[in-house]
Amino acid sequence: MREPPVQLPGRNQPCWCGSGRKYKKCHADEDNARHRNQAAGPSVASVTERVRPGRISPPRPVPEHIPRPPYVANDGVPPPRGPARPRTPDELERMRRAGRAARAVLMGLAEHVRPGVTTNELDALAHDHAVALGAYPSPLGYQGFPKSICTSVNEVICHGIPDDRPLAAGDICNIDVTLYLDGVHGDTSTMFCVGDVDADKRRLVETTQRALHAGIAAVRPGAEVRAIGRAIEQVATAEGLSVVRAFVGHGVGPEFHAEPTIYHYYEPDARTVLAEGMTFTIEPMLNLGTWRHVMWDDGWTAVTADLAPSAQFEHTIVVTSAGAELLTVLEGEPQPFLGGVSAGS
Ligand code: MF3
Ligand code: CO
Ligand code: CO
């Protein structure tokens, strides 16, 4: 018997088996049942219908007057990763502006996230907002990425491409916004719960945010990079959740992705010492089932190997004298990780 392909047809398209019948009248129910059964491991009642690749619209144009990051003129190929260099005060000031703009675009989507809205529509809103702020949406054209934000639904771990799939009640969706403004990038993401979401998914989302905050709280000059992943992994493990290993946080600044590499699990060899002025992202991905992933044929979309749900939160931060400053926050938002007497409050 032929095996079903990784990318299954749409319900009204011809079945993959060659019967000539519509997929929904042929193998659809069988395939869905099989995927539910494969999702062994911890109670993953949250596995319902898998996310399928949708139609992707053409890249959106960016007005000429908006400065592009260098990789755009180089076929999407970025320069080699720079070292974990502390930033100058001027770079930091620009990163605060880029980070604030990225957060504003991300939070501007909140009121639009509801059942029925497509991730492509969210991409259009974010793209137009970015351009209105004078920013270039960093993913667009980065190593061939075709859209302006990443949207990762349910079992999609990260780098989901916005398409014509409407969000449905019960979905969880990560939206990841990176903007290039004033010559630097700001990179941030958050989870949205669409309509009523079941208890396992809510616990996954809540714990992932707590894990990000635990990771940030481990940042201070003199600490090693491995302290961040250790703190994140402790939060995940206590809730019986797994930590994705294949995707990491990264230095960020004039480059989208630079050193240091930030592991979200305990990596004993990550001994790089954090210094004041270093800027990087922390962006843990936690799963209800296995930490292993499978790539879709699009080369971008990473899904959990057991199709159990995945969640992610991300901030860009700078190491300060006693802790960390969040760069991807709106004006006047609390800074709970600066260190000193109110640390952790
Ligand atoms: N924003 C993602 C990150 O956190 C990177 C997206 S790259 C893209 O690093 F090409 F997928 F958009
Ligand atoms: Co990032
Ligand atoms: Co990101």
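These legends go with close-up views of a predicted model of a protein and its ligand.

**View 1. The whole protein, before zooming in.** We start with 345 residues, 53% of which count as buried. The fold is built from five helices and 15 strands. If you look at contacts with a separation of 6 or more, residues 24 or more positions apart account for 69% of them.

**View 2. Who sits around ligand 1.** The shell here is made of 14 residues, and the closest are Pro 139, His 250, His 257, Glu 283 and Glu 314. Sorted by type, the shell splits into six nonpolar, four polar and four charged residues.

**View 3. Polar contacts to ligand 1.** His 257 has a side-chain N or O atom 2.9 Å from an oxygen atom of ligand 1. For His 250, a polar side-chain atom lies 3.0 Å from an oxygen atom of the ligand. How much of the ligand does the protein bury? Taken alone, ligand 1 exposes 340 Å², and the protein buries 97% of that.

**View 4. The largest nonpolar core.** This one has 35 residues, and Val 219, Leu 274, Phe 280 and Ile 282 have the most contacts inside it. At least two core residues come from each of helix 4 (199-217), helix 5 (226-238), strand 9 (279-282), strand 14 (315-319) and strand 15 (324-326). Helix 4 gives the largest share, with five residues. Another core, of 32 residues, lies apart from this one; Ala 98, Val 105, Val 117 and Leu 179 are among its members.

**View 5. Zooming in on Leu 274.** Leaving out residues up to four places away in sequence, Leu 274 touches a run of neighbours that includes Val 219, Arg 220, Pro 221, Gly 222 and Ala 223. Val 225, Ile 228, Phe 280 and Val 319 are also on the list of residues that Leu 274 touches.

View 6. Leu 204 is found in helix 4. Is Leu 204 buried or exposed? Its relative accessible area is 0%, so Leu 204 counts as buried. With residues up to four places away in sequence set aside, Leu 204 touches Ile 172, Leu 241, Leu 286, Asn 287, Leu 288, Pro 309, Ser 310 and Ala 311. Leu 241 sits 37 residues from Leu 204 along the chain, yet their C-alpha atoms are separated by 7.6 Å.

Technical notes. Residues numbered from 1 in each chain as written. Chains lettered and ligands numbered in written order. Predicted model: local features only at pLDDT ≥ 70, side-chain atom pairs only at ≥ 80, totals over all residues. Heavy atoms only, no water. Helix = DSSP H or I, 4+ residues; strand = E, 2+ residues; numbered from the N terminus. Buried < 20%, exposed > 50% of the residue type's maximum accessible area, 1.4 Å probe, protein only. Contact = heavy atoms within 4.5 Å. Near = heavy atom within 4 Å. Polar contact = N/O pair within 3.5 Å; in protein donor to acceptor, adjacent residues only side chain to side chain. Areas by Shrake-Rupley, 256 points an atom, 1.4 Å probe, with all protein chains shown as cover. Nonpolar A, V, L, I, M, F, W, Y, C, P; charged D, E, K, R; others polar. Core = buried A, V, L, I, M, F, W, Y, C linked by side-chain atoms within 4.5 Å.
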